[in-house]
Amino acid sequence: MKTNCVGARTAVLGVLLSASLIGCGNGTSSGRPDTTPPEVWKTLNGEAPLVTGHRGASGYLPEHTLASYTLAIEQGADFIEPDLVATKDGHLVARHEPEISTTTDVASKPEFADRKTTKTVDGVPVEGFFASDFTLAEIKQLRAIQPRSYRPQEHNGKYEIPTFEEIIALAKEKSEETGRVIGIYPETKHPTYHTDLGLPLEDKLLAALEQAGLTGEGAKVIIQSFEVGNLQYLRQKTSLPLVQLVDADGVALDGKIKLAPPHDKPYDFAKENDPRTFADLLTDEGLTFVATYADGVSPWKRYIVSVESVDADGDGAADDVNGDGSVDDADRKSLAPTDLVARAHAKGLFVHTWTFRSEGMFLAEDYAASPSAEYEVFYRLGIDGVFSDFPDDAVKARARLGL
């Protein structure tokens, strides 16, 4: 059936990639911004990179709420990104993880106190409250909270947890209001975990899209996953663009990618004792394999531009270079970019990357606390799309390059 999808898949992808305006850009090999007048984007299709509101505009409002998605759209995001998990009665709702205590007020609800439990997610015991132990009606009694303490907390308790259908309806409504088609970029969260619970995500996702008329040519939808098997399954079912997410555990002092469970490989690989890691998927051989079932690859941004730390005292730990009491990206310097974008493009794969955040702690020292400086490095490298908690900054940086 995959063979029958190739033509439609190509047509859908062409429509999707042309959704952004044709613009300008020029790259440098150093990975640093330059002042050369832009001439042409180095993206796979030569057009402007897409901006996806990561969990909405989650730098401003509690993630995965209709309010957060709405703000992302208002800020100019081309796509909104719902992470999908399943309820006990089989509905898809937007939460970053199956465990919901960090992103909802469930722990404050005495009527649900007995739901607290421990489950194994991707081989790791996790204690908390899980969406799969709640019906949709019960989920609707909860309200979203901001999980990051350094971000605004005044909106906690205001917003419901949306269903996938409600998110689709929002995108359609805002498309009509704005006159531009708002894309939807769903992620199937922990597919093996959900399948083992008897709550597989894939067919429910496709059914919701089909019900909304978003399955064929012209549908502005991209589906992503950190696992491989479910993407291969989806490839047999849909011509919509599919994206292989690529994770890691962090970076070493010298900027090399660190791999450790459960972030070392797709969990379905781990369960099947497949020796391949996430990094293996980004070799030439790995990209060739990914291209058999996916249209794009979406690695953590450190696979493209990594950062190195200072260890002046030789204790094996990164130093607090700026003396602010914490060690983070502001104490690190960015390295020259890898050739990953060019190699993926050579395989016909577009490249989206994540996650861009505007707080100083997430910006390497050489960006001088300027989110725009980081975006420009990636845009000039030919990145096809970015995921940002602050889509307004991503859109502004893109505009500065000539759009």
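Visitor: Which residue forms a salt bridge with D284?
Guide: R343 does, and the closest N and O atoms are 2.9 Å apart. A salt bridge here is a side-chain nitrogen of Lys or Arg within 4 Å of a carboxyl oxygen of Asp or Glu. Before going on: this is a predicted model, where local features need pLDDT of at least 70, side-chain atom pairs count only at pLDDT 80 or more, and totals for chains, interfaces and linings use all residues. Residues are numbered from 1 along each chain as its sequence is written, and side-chain values use heavy atoms, with hydrogens and water left out.

Visitor: Where do D284 and R343 sit?
Guide: D284 is in helix α9 (residues 284–290). R343 is in helix α10 (residues 340–346). They are 59 residues apart, so the pair links distant parts of the chain. Helices are DSSP runs of H or I with at least four residues, strands are runs of E with at least two, and both are numbered from the N terminus.

Visitor: What does K140 pair with?
Guide: With E160, in a salt bridge of 3.1 Å, N to O. Both residues lie in the loop between α3 (136–139) and α4, so the pair ties together parts that are 20 residues apart in sequence. E160 counts as partly exposed because its relative accessibility is 38%. K140 is at 18%, so it counts as buried.

Visitor: Which residues are linked in a network of salt bridges?
Guide: R151, R357, E359 and D389.

Visitor: And what does T355 touch?
Guide: D389 is one of its contacts, along with H54, K301 and F387. That leaves out residues up to four places away in sequence. Contact means heavy atoms within 4.5 Å. T355 is found in strand β16 (residues 350–356). Its relative accessibility is 9%, so T355 counts as buried.

Visitor: Switching to helices. How do α2 and α4 cross?
Guide: At roughly 30°, with axes that come within 11 Å. Helix α2 covers residues 66–74 and helix α4 covers residues 164–178. That angle makes α2 roughly parallel to α4. Angles under 35 degrees count as roughly parallel, over 145 as roughly antiparallel, 65 to 115 as roughly perpendicular, and the rest as oblique. Axes are lines fitted to C-alpha atoms, for helices over the stretch in contact, and angles run from 0 to 180 degrees between N-to-C directions.

Visitor: Which residues make the contact?
Guide: From α2, L66, Y69, T70 and I73. From α4, E166, I167, L170, K174 and T178. By class, that is five nonpolar, two polar and two charged residues. Ala, Val, Leu, Ile, Met, Phe, Trp, Tyr, Cys and Pro count as nonpolar, Asp, Glu, Lys and Arg as charged, and the others, Gly among them, as polar.

Visitor: Which α2 residues are buried?
Guide: S68, Y69, T70, A72 and I73. What covers the buried residues of α2 includes β1 (50–53), β2 (79–80), β4 (92–94), α4 and α12 (391–400).

Visitor: What follows α2?
Guide: G76, whose phi is positive, near 105°.

Visitor: Back to α4. At what angle do the axes of α4 and α6 cross?
Guide: Roughly 35°, and they come within 10 Å. Helix α6 spans residues 202–211. F164, E165 and I168 of α4 meet L205, A208 and L209 of α6. That contact has five nonpolar, no polar and one charged residues.

Visitor: Last one. Where is T102, and what is T102 in contact with?
Guide: T102 is in the loop between β4 and β5 (117–121). Setting aside neighbours within four places in sequence, T102 is in contact with I145 and P147. T102 counts as partly exposed, at 48% relative accessibility.

Technical notes
Buried means under 20% relative accessible area, exposed over 50%, partly exposed in between (1.4 Å probe, protein chains only).
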